[in-house]
Amino acid sequence: VLGMMVDGGVLVPAGIVLLIYAVASGFRLRAPKSVAFAAVLACIYSLGLFAVYLMTPRDLVWHLHTSTPRTMLPVISCLWLAAYFLLRKMEVYDAHL
């Protein structure tokens, strides 16, 4: 699973989302529901792919090496969307100061 995250390039956007969330928490900002929706959608999609990989007769390693870069693109997009929603919330908060 970790190899899937590294090969698919998910760790960088996930780390950025967590960093932005930590900064937003420092300002005592509540994350909008859209952030949770994007993050949950990314997790459900990833778990669904992993379940499909385990149910097929092919080896898991084969699946991870052949399809991870293209199938992780929606997950990465959801994580960037979550980062955008967090940054937008922080900008709105900063504009009201």
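Reader: In which helix is Ala 83 found?
Author: Ala 83 lies in helix H5. Helices are DSSP runs of H or I with at least four residues, and strands are runs of E with at least two, numbered from the N terminus. The model is a predicted one, in which local features need pLDDT of at least 70 and side-chain atom pairs count only at pLDDT 80 or more, while totals for chains, interfaces and linings use all residues. Residues are numbered from 1 along each chain as its sequence is written, and side-chain values use heavy atoms, with hydrogens and water left out.

Reader: Why is Ala 83 called buried?
Author: Its relative accessible area is 3%. Buried means under 20%, exposed over 50% and partly exposed in between, with a 1.4 Å probe and protein chains only, so Ala 83 at 3% is buried. Ala 83 touches Val 17 and Ile 20, not counting residues up to four places away in sequence; a contact means heavy atoms within 4.5 Å.

Reader: What makes Tyr 93 partly exposed?
Author: Tyr 93, also in H5 (residues 73-95), has 32% relative accessibility.

Reader: What makes a set of residues a nonpolar core?
Author: The residues must be buried Ala, Val, Leu, Ile, Met, Phe, Trp, Tyr or Cys, joined through side-chain atoms within 4.5 Å. The largest such core has 21 residues, and Leu 86 is one of those with the most contacts inside it. Helices H2 (11-26), H3 (33-55) and H5 each supply at least two residues of this core, and H5 gives the most, with nine. Among the residues that Leu 86 touches are Val 17, Ala 31 and Val 35.

Reader: Which element has the lowest mean pLDDT?
Author: Helix H1 (residues 2-7) does, at 57, whereas H3 has the highest, at 90. pLDDT is the predictor's confidence in each residue, from 0 to 100. Where pLDDT is low, the predicted coordinates should not be read in detail.
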